[in-house]
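Here is a short report on aromatic ring pairs and on one strand with its neighbours. Look over the structure first, then read on.

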Amino acid sequence: KVRGVNLGSLFIVEPANYVLFQMGCTAYKSEWDCVKGLGKSKAQPAFEDHWNTFFNQSDFQAMVDLGLNTIRIPMGYWTVDSLIGDDYFCSGSMKYVQQICRWAKQAGLWIILDLHGAPGAQVDYQPFTGQYTKAGFYQESNYQKACQALSNWTTMVHTVDDFSNVVMIQVLNEPIQSKPDEIPGLLDSYYPAAQKAIRDAETALGVTRPCFKLVNAGLPIYWGSGDPTSKLSTTDHTVYEDHDYVTWITSDQSRKGYMSYSCSDGMRGETPIFYHINYSILTSKVQLSEFGLESSGAKQWYSQWASAQLTAYEKGAGWLFWSVSSLNCSFTMHMD
């Protein structure tokens, strides 16, 4: 069963984690904008220092000591240097991905490689894609580029020992929420091509059966971008990941409403499935309401709410917490 954490803002930096501010990119909304604004020659050493220091080896043993068994690594297609071209991303990150995987393996953690940032951005104006722009992913040239990244990762997993604890590859994080006919090719072109790219890479290496699972983020009905398995030739070794944003789902925007939703979470049907645990409360609510960290009983309530989510998600294939970092607070405090 998956019990783990995301390594958010490590290989795709986001303003919410304050990393861009440390790099001198206060005025920018995404990694692309930061690199463009600083210039690649200045951005390169800043990003390399970040990749090398945001986590250290002891962090991964601390995760195990807390009872965790899995990490999810959000990554962009630009971890493959040959795919960067004229795009505003720094090169050389795969060396540090390998370092993270080595530390995780040595600690005994399983690993999910997550295509979090797709070519052209898969959703509008979200820094987690690496860009703050209108979604431009949904065209064949970008599908091909994404598949090249997935193929490259697959080859690394099967040929480089440091990657041998990778058990899942996620083919896309949070696609745009829209009707399938408004997302050209996502269901009938990209998902089948992504599956084929991974399996073809395995076949080329003489792998006779799938050695890890493919992950589709967001469920057919509930995420709102169609059934990602509808055009696949097989769903063998395929799992779902559901991002259960309580703040957008329940109409009762109160502690009681949130707790009631989490305690009665219906697990959404499709299996196997694992979930994201997140505090999913809008900043305005945190600052102005009972959700504020300084409000009466807040610490006890947040602890109880986390327990309610854990209890619900243990019924499925497990859970991942978004997100853990060691920036501006201790690792243990962030896990609390």
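**Aromatic pairs**

This is a predicted model. A search of the whole structure finds 21 aromatic pairs. Two of them are set out below.

| Pair | Centre to centre | Angle between planes | Class |
|---|---|---|---|
| Phe-47 and Trp-51 | 6.0 Å | 55° | tilted |
| Phe-137 and Tyr-138 | 5.3 Å | 70° | edge-to-face |

Why is the pair of Phe-137 and Tyr-138 edge-to-face? The planes of Phe-137 and Tyr-138 stand at 70°, and the cut-off for this class is over 60 degrees.

Phe-47 and Trp-51 both sit in helix α3 (residues 40-53). They are 4 residues apart, about one turn of the helix. Both are buried. Phe-137 is buried too, at 0% relative accessibility. Tyr-138 has a relative accessible area of 13%, so it also counts as buried.

Ring pairs also build a cluster: Trp-32, Tyr-77, Trp-78, Tyr-88 and Phe-89.

**Strand β2**

How many residues of strand β2 (residues 70-76) are buried? The count is 7 of the 7, so the rest of the structure largely encloses β2. Thr-70, Arg-72, Pro-74 and Gly-76 point one way from β2. Ile-71, Ile-73 and Met-75 point the other way.

β2 has parallel partners. Strand β1 (residues 2-6) is joined to β2 by 3 bridges. There, Val-5 has Ile-71 as its bridge partner. Strand β3 (residues 110-117) is joined to β2 by 7 bridges and also runs parallel to β2. Here Thr-70 stands opposite Trp-110.

Key: Residues are numbered from 1 along each chain as its sequence is written. This is a predicted model: local features need pLDDT of at least 70, side-chain atom pairs count only at pLDDT 80 or more; totals for chains, interfaces and linings use all residues. Side-chain values use heavy atoms; hydrogens and water are left out. Rings of Phe, Tyr and Trp (its six-membered ring) pair if their centres lie within 6.5 Å; planes under 30 degrees apart count as stacked, over 60 as edge-to-face and the rest as tilted. Helices (H or I, at least four residues) and strands (E, at least two) are DSSP runs, numbered from the N terminus. Buried means under 20% relative accessible area, exposed over 50%, partly exposed in between (1.4 Å probe, protein chains only). Two strands pair if DSSP finds at least two bridges between them.
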